[in-house]
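The sequence and model come next, followed by my entries.

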Amino acid sequence: MLRLLSCYWCFMLFLAVIGSGRGHRHEHHDDRDHRNVTYEGRSLIINGHRKILFSGSIHYPRSTPQMWPSLIAKAKEGGLDVIQTMTSVEETISFGSLKKYNPKAFTFASGLVLSLRANGLMGIVFRSDNKPYKYYMQRFVTKIVNMMKSEKLYASQGGPIILSQIENEYQTIEPAFHEKGPPYVLWAAKMAVDFHTGVPWVMCKQDDAPGPVYHGGTNFGRTAAAFMITGYYDQAPLDEYGLVREPKWGHLKELHAAIKLCSRPLLTGTQNVISLGQLQEAFVFEETSGVCAAFLVNNDERKAVTVLFRNISYELPRKSISILPDCKTVAFNTERVRLQATLISTVSTQYNKRSKTSNLKFDSDEKWEEYREAILNFDNTLLRAEGLLDQISAAKDASDYFWYTFRFHYNSSNAQAPLDVQSHGHILHAFVNGEYTGSAHGSHDNVSFTLRNTVHLRQGTNDGALLSVTVGLPDSGAFLERKVAGVHRVRVQDKSFTNCSWGYQVGLIGEKLQIYSNLGLNKVLWSSIRSPTRQLTWYKTTFRAPAGNDPIALNLQSMGKGEAWVNGQSIGRYWVSFKTSKGNPSQTRYHVPRGFLKPTGNLLVLLEEENGNPLGITVDTIAIRKVCGHVTNSHLPPLSSWLRHRQRGDTDIKKFGKKPTVQPSCPLGKKISKIVFASFGNPDGDCERYAVGSCHSSHSQGVVERACMGKSRCSIPLSSRYFGGDPCPGIHKALLVDAQCR
């Protein structure tokens, strides 16, 4: 297998890391190790050997352009290969989301794109046969390629980069550009190939990719391995804290093992496609020696079917693929592993559960200080214009926040008047004469919205201030250069102010002064918390780092919407007040990397846009304290056993590890401290809720404790012999083990 590190760069910036195996992990290359990399419809070929790639990723916000060569050099040191992807502006980019992770990357990426749009290039059309766009795209790609060449990072130079990608899934939007789409594909492909990097170029999911550029499709005729990896791209095996997410981790591990078991016939066998029904087919890869692997596919999205393959019946769940590494035995099924709640997965994986412990509370007024952001008025603005400006063009990448201010006269004796503001997104806070008058926001499906409210006016001059807020900018679709945000129509009473004189300001005072950092903290006057709370308020406190190595999270369940910083590092925007369709916030805890922290005196600063209460914030630690495994006779033994035997040349599954196995495994540095429940027989329930069933071995607890206590991991087979005999002959057996880690 090929261990692969893949680096993605968008036209702006996108860095991702992919894994796959080429020899042992610590393999090194020097300048003499110039590798020849080619490809065919089946696989990549390195120095004449076909390779299957396995992948994972680190995304662009976690790096800056200056870091790329050193990251790739680290990959080389670690025996990893690299895929370099330079795509244009497309769905992998969300301008504003970069800022959450890396302000430098955010400025580099979004600044480049927005400058193409704003600096006199009004005729630019992204991702099309458009001269201005192609000019700047070629400049950027040239810079990156030359950077890689100068560091000798391509495989042809002895480096780890074995493949390059230009563009990404362009075919999905190509029709929108009509006659300007296909010429752009041809141009991008030719531009890439003309760099003569010595490694192949690919266009992901681009059927009309020309000549030497591989189209990177996803069916078995192109590459079975790529299909499998793509199917699991959205199911991350690690959570946001870097903890293993079970059962996804186990499922992915078993999937990789299943594909590795198929690798020899996949790479060297003859492929045949056999119809098994109207919506079912088998992809068979077989060598003349008889070594064989098969993929049984059910394309029916509604129902499971039973098919006959080589005189054996197989049940195929709906819309699934069953992997048969020996053309006989099902080692993996893609649909069954998704049915986690019912625990009917065909593979033996474990389940774990995160626990959250509140370590620090900030539940006293004395622990906090506040700074109330000034509500802007027309007199204090430097940027003026007749009419309403587009927020994206005006604010660019400088801030999520953009003030619209105006001044008007009101002569009616009625102090109440309707305010009507229409916005292209995403959020709006309205103030009249310095007083908060209401908020509104769009949705994922429709970012545009209208704020309607009755406001209190005074006779004579009134000051209106509208704070428009973005939460990441458009990141997909065609014609991104046309996307807009912010206020586009304003009425008070029956009078339109859309085309009047407006004053503008990009960002907030606290942002400009960087009062979230030690450098800017003392540039404003902080005071004790006042009651009641007010919109647009900054809060600060200090805290010590929780002991130990468990991941740390800031619990913001008492807050509304805003952003949080720890020691000057943004840990991201939060929007706890926004509820999902189930009535809950999508997220309340935000990871604080331990690398951001000192033992004591850590600075926590929050900008709260609404009326959140900082006294309810806690610092929590996250840990996996519970691991559970549940197998039945219908489960397969771990594929790692089969893989070890296959690597030794034994292809008969019947000669090894025939029993499904429970394998409790604790996180790094922790050991099994308690067996909460163990039952060999027919336990009721699953890993969420369980009880002893009508059949139960009295030896269950003792056997499991002897096998597992004090160990980081253990293995218990579903075997009557292992448990001292069959407690109930004739009954199908199951084994459920629930353990605690400390």
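**Cysteine entries**

I looked up the disulfides, taking as such any pair of cysteine sulfur atoms within 2.5 Å, and the structure holds five of them. I note that this is a predicted model, in which local features need pLDDT of at least 70 and side-chain atom pairs count only at pLDDT 80 or more, while totals for chains, interfaces and linings use all residues. I also note that residues are numbered from 1 along each chain as its sequence is written, and that side-chain values use heavy atoms, with hydrogens and water left out.

**Pairing order**

I numbered the bonded cysteines of the protein in sequence order and read the pairing as 1-2, 3-5, 4-10, 6-9, 7-8.

**C628 and C687**

I found a disulfide that joins C628 to C687, with an S to S distance of 2.0 Å. I then placed its ends: the pair links distant parts of the chain, 59 residues apart, with C628 in strand β35 (residues 618–632) and C687 in the loop between β38 (684–685) and β39 (690–691). For these elements I used DSSP runs numbered from the N terminus, helices being H or I with at least four residues and strands being E with at least two. The torsion about the S-S bond is -85°, and the link of C628 and C687 is left-handed. Both C628 and C687 are buried, a word I use for under 20% relative accessible area, against exposed for over 50% and partly exposed in between, with a 1.4 Å probe and protein chains only.

**C695 and C728**

I found that C695 and C728 form a disulfide with their sulfur atoms 1.5 Å apart. C695 lies in the loop between β39 and α12 (700–708) and C728 in the loop between β40 (716–717) and β41 (734–741), so this pair ties together parts that are 33 residues apart in sequence. With -65° about the S-S bond, the link of C695 and C728 is left-handed. C695 is buried at a relative accessible area of 2%, and C728 is buried at 10%.

**C708 and C714**

I also found a disulfide between C708 and C714, S to S 2.0 Å, and with 90° about the S-S bond this link is right-handed. The relative accessible area is 0% for C708, which is therefore buried, and 6% for C714, which is buried as well.

**C262**

C262 is buried, with a relative accessible area of 0%.
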